[in-house]
Each structure stands twice: as C-alpha cells, then as structure tokens.
Amino acid sequence: MELAKIETFAKVQPADDNIGDMLVARCLAAAADGDTNAYYDLGVAYSTGSHGVDCDLIEAHKWFNLAAAKGHEAAAWCRADVSDEMTAVEIADAQRRAREWLRQGDARAA
C-alpha cells in the first residue's frame with residue numbers, strides 16, 4: 001500500500017508576508033503600551049523566524065524576558081529554552097536590549 005502525499009490533500013501556498021508584517025507591527029504597537037501578550041508573541045515570532053522576521057534568539061530572549069518580568073509563565077519557560085541555545089554574551093545583549101526598551105517606555109510615558 002502506497003502512502004498518499006500530503007500535497008494530494010492540501011493546497012500548499014506561500015504565506016502572505018504582508019500579513020506577517022502587519023502582525024509584528026500590531027504587536028510592536030501593543031508592546032509599546034506594555035501589553036504582556038504582545039511581548040510574548042514577539043518572542044515567539046523571533047524565536048521561530050515567523051511572521052516576516054528572521055530568527056533572532058537575542059530579540060526573542062528580550063521579548064520573552066519582558067513578558068516573564070510581567071508574570072507571563074509561558075514566556076519564562078520559552079526564555080529558558082532560548083537561553084539554552086545562546087552564549088552568555090548573547091544573553092547579556094538580550095538583557096541590555098530589554099532594559100533599553102523599558103527605558104524608552106519610561107521616556108515615552110513622561
């Protein structure tokens with residue numbers, strides 16, 4: 001018995017990059033307002049290289065770190081997973097970027 005290929009049952013189409021770009025733009029806007037779920041969603045996008053962004057573990061760690069700091073439990077787990085694939089220098093860079101994001105937010109709020 002020959003197994004059927006998935007292509008037989010599903011039409012495979014490339015993702016629409018504009019939709020991904022819009023999702024990231026919406027998440028960035030929500031993150032600027034302190035939306036914890038937006039932080040997490042950005043971490044997922046950067047850790048997987050989805051929604052029009054390249055895979056960037058430093059950026060992913062930054063967003064997961066920001067979400068985890070606000071109590072997002074899944075983000076804390078994801079941050080730990082991402083950290084396992086990073087060097088100490090990369091983690092320090094991610095933490096620096098998170099602090100810069102928070103400082104910019106304080107400046108925006110003032």
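What share of the 110 residues in the protein is buried? Buried residues make up 30% of them. Here, buried means under 20% relative accessible area, exposed means over 50%, and partly exposed lies in between (1.4 Å probe, protein chains only). The structure is a predicted model, in which local features need pLDDT of at least 70, side-chain atom pairs count only at pLDDT 80 or more, and totals for chains, interfaces and linings use all residues. Residues are numbered from 1 along each chain as its sequence is written, and side-chain values use heavy atoms, with hydrogens and water left out.

The protein has six helices and zero strands. Its pattern along the sequence is α-α-α-α-α-α. Helices (H or I, at least four residues) and strands (E, at least two) are DSSP runs, numbered from the N terminus. Of the contacts with a separation of 6 or more, 55% join residues 24 or more positions apart. Contact means heavy atoms within 4.5 Å. The protein exposes about 7,400 Å², and carbon and sulfur atoms supply 54% of this area. Accessible areas come from the Shrake-Rupley method with a 1.4 Å probe; for residues, only the protein chains shown count as cover.

The largest nonpolar core has 23 residues. Such a core is a set of buried Ala, Val, Leu, Ile, Met, Phe, Trp, Tyr and Cys residues joined through side-chain atoms within 4.5 Å. Two or more residues each come from helix H2 (17-32), H3, H4, helix H5 (73-83) and helix H6 (88-109). H4 gives the largest share, seven residues. Among the residues with the most contacts inside the core are Tyr-39, Trp-63, Leu-66 and Trp-101. Leu-66 is in contact with Tyr-39, Ala-98, Trp-101 and Leu-102, leaving aside neighbours within four places in sequence.

Three aromatic pairs occur in the whole structure. Rings of Phe, Tyr and Trp (its six-membered ring) pair if their centres lie within 6.5 Å; planes under 30 degrees apart count as stacked, over 60 as edge-to-face and the rest as tilted. The ring centres of Tyr-40 and Phe-64 are 5.8 Å apart and the planes meet at 50°, so this pair is tilted. It links distant parts of the chain: Tyr-40 is in helix H3 (residues 36-48) and Phe-64 is in helix H4 (residues 57-69), 24 residues apart. Phe-64 counts as buried because its relative accessibility is 1%. Ring pairs also link Tyr-39, Trp-63 and Trp-101 into a cluster.

Helix H3 has 13 residues. From first C-alpha to last it reaches 19 Å, close to the 18 Å expected at 1.5 Å a residue. The expected span is 1.5 Å times one less than the number of residues. At the N-terminal end, Asp-35 caps H3, with a side-chain oxygen 2.8 Å from the backbone nitrogen of Asn-37. The buried residues of H3 include Tyr-39, Leu-42, Gly-43 and Tyr-46. An α-helix has 3.6 residues a turn, so residues three or four places apart point the same way. Just after H3, Gly-49 takes a positive phi of about 70°.

Gly-52 sits in the loop between H3 and H4. Lys-62 lies in helix H4. Not counting residues up to four places away in sequence, Lys-62 touches Ala-94, Arg-97 and Ala-98.

Note on methods
Polar contact = N/O pair within 3.5 Å; in protein donor to acceptor, adjacent residues only side chain to side chain.
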